[in-house]
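Please read it beside the sequence and the coordinates.

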Amino acid sequence: MAAAMPVALVVLLLLWPGGPVLAEAPRDSLREELVITPLPSGDVAATFQFRTRWDSELQREGVSHYRLFPKALGQLISKYSLRELHLSFTQGFWRTRYWGPPFLQAPSGAELWVWFQETVTDVDKSWKELSNILSGIFCASLNFIDSTNTVTPTASFKPLGLANDTDHYFLRYAVLPREVVCTENLTPWKKLLPCSSKAGLSVLLKADRLFHTSYHSQAVHIRPVCRNARCTSISWELRQTLSVVFDAFITGQGKKDWSLFRMFSRTLTEPCPLASESRVYVDITNYSQDNETLEVNPPPTTTYQDVILGTRRTYAVYDLLDTAMINNSRNLNLQLKWKKPPENGYIHYQPAQDRLQPHLLEMLIQLPANSVTKVSIQFERALLKWTEYTPDPNHGFYVSPSVLSALVPSVVAAKPVNWEESPLFNTLFPVSDGSSYFVRLYTEPLLVNLPTPDFSMPYNVICLTCTVVAVCYGSFYNLLTRTFHIEEPSTGGLAKRLANLIRRTRGVPPL
């Protein structure tokens, strides 16, 4: 027995899954990225991408052990013979005119489009069952997808992964534009991440910050990709993307300066231990080093250049796997600061507070000659309290006129004048020289029609209520305060009264 024990220990060591001899190399990997892009409008866009790659053929191997790839999605691929799956939940609309082209745009609401394998016999049945299961996984209303809102496009939605043919019979597409995106959709989306929201870039995914943005879009993309250069075998790729646009006037108090803590109220402390790559990219394309108006802190270790959406972009790269990047300061809080205001303009915006103070927007701009400048402001109509409406609400509500203060170049040179002796109209706006003169212009007040309730309805209710109360109260009060008297019946009839009348005229006493 004493000699058999060492042999048993050696056998157990060799058969242990984590043993150094027979341990199988992991076939899956995780890469996480965050791209921060200052937008032309002054807002800031943050795009998260978590890519999980699994070197496995799910339909053939019958995998039962999952390490990084979510088991819930892996079972869907195997059971319903999926070729590709693309699901997105979006709140808001991407303003391409002001923000530029997005990396991956999605419609407002919920969008789902799926490519099935050719082995699927009943595509409609699989599509219906798949949408119901996804509804439960992501806590969404995808179970409302049916034949009334499902189409089969033939040209718009080509496969994004490997595809030998494009038989559109195996494609289904549906959109639910009324789907509201909330934390109930974000929580299951984060649970699909290998590190959830405990470490790495996912610690920045704080719900109250992500939904307090101008645009929010989260998506799940599953597709097959080549495992090697010759594409002799395939791998499955899961991309979880999340794009948000932070309003500069909300997060930065009207300034273009921003930081990770200001946007997400958190900083990066450590990379995800399961990730093979964890990086943050900051777009610095539009800011040259010679201009010295922009400062990125801490300074990046490397930069990266590539052609993105037809434009060559330059990014500052921060590698979280670099121990010196985080250990030096215990956390990584990227900051972008403007050293001085731009020369061509400096915008001052003071947001309004309901029933306390109005909006204030001031812009300092330099207009070229013979040019037309248009300033537009987006607003949303809101309902007021019924006591805040004017006596003529259907007339509309007035918005104060805008003020334009300009220093206009003068075409006539003026000589120095004694302002005390000059006429009154020449002393209101004095200037130091004759090269320019000051002008203040006012625009017309703006009349805005707000949603107005039907005030005749409360008037009718008041009239009816007052009438009912008056009738009921009057009758009840009359019954309580009236005094009743008993009247004795009189004796005799009409004949007796006539007889007494005749007797009175004759002077005879009445009967």
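Which cysteine forms a disulfide with Cys-226, and how far apart are their sulfur atoms?

1. Cys-226 forms a disulfide with Cys-231, and their sulfur atoms are 2.1 Å apart; a disulfide here is a pair of cysteine sulfur atoms within 2.5 Å. The link of Cys-226 and Cys-231 is left-handed, with -75 degrees about the S-S bond. Cys-226 counts as partly exposed at 28% relative accessibility, and Cys-231 counts as partly exposed at 31%. Buried means under 20% relative accessible area, exposed over 50%, and partly exposed in between (1.4 Å probe, protein chains only).

2. On the basis of the note: this is a predicted model, in which local features need pLDDT of at least 70, side-chain atom pairs count only at pLDDT 80 or more, and totals for chains, interfaces and linings use all residues. Residues are numbered from 1 along each chain as its sequence is written, and side-chain values use heavy atoms, with hydrogens and water left out.

3. The structure holds 2 disulfides. The other one to examine joins Cys-195 to Cys-272, with an S to S distance of 1.8 Å. Its torsion about the S-S bond is about 70 degrees, so this disulfide is right-handed. Cys-195 lies in the loop between α6 (183-191) and α7 (207-210), and Cys-272 in the loop between α9 (260-264) and β10 (277-283), so the pair ties together parts that are 77 residues apart in sequence. Helices (H or I, at least four residues) and strands (E, at least two) are DSSP runs, numbered from the N terminus. Cys-195 is buried, with a relative accessible area of 11%, and Cys-272 is buried, at 2%.

4. With bonded cysteines counted along the chain, the disulfides follow the pattern 1-4, 2-3. Cys-466 is in no disulfide; the nearest cysteine sulfur, that of Cys-463, is 6.8 Å away.

5. An open sheet of 11 strands, with mixed pairing, has the order β5-β6-β4-β3-β7-β8-β2-β1-β10-β13-β12. Its edge strands are β5 (150-151) and β12, each of which pairs on one side only. Two strands pair if DSSP finds at least two bridges between them.

6. Strands β12 (residues 302-308) and β13 (residues 311-319) pair in the antiparallel sense over 7 bridges, and Thr-302 stands opposite Val-317 in β13. Their hairpin has 2 residues between the strands, and Leu-309 takes a positive phi near 55 degrees there.

7. Strands β4 (residues 109-116) and β6 (residues 171-176) run antiparallel and are joined by 6 bridges. In this pair, Trp-113 stands opposite Tyr-173 in β6.
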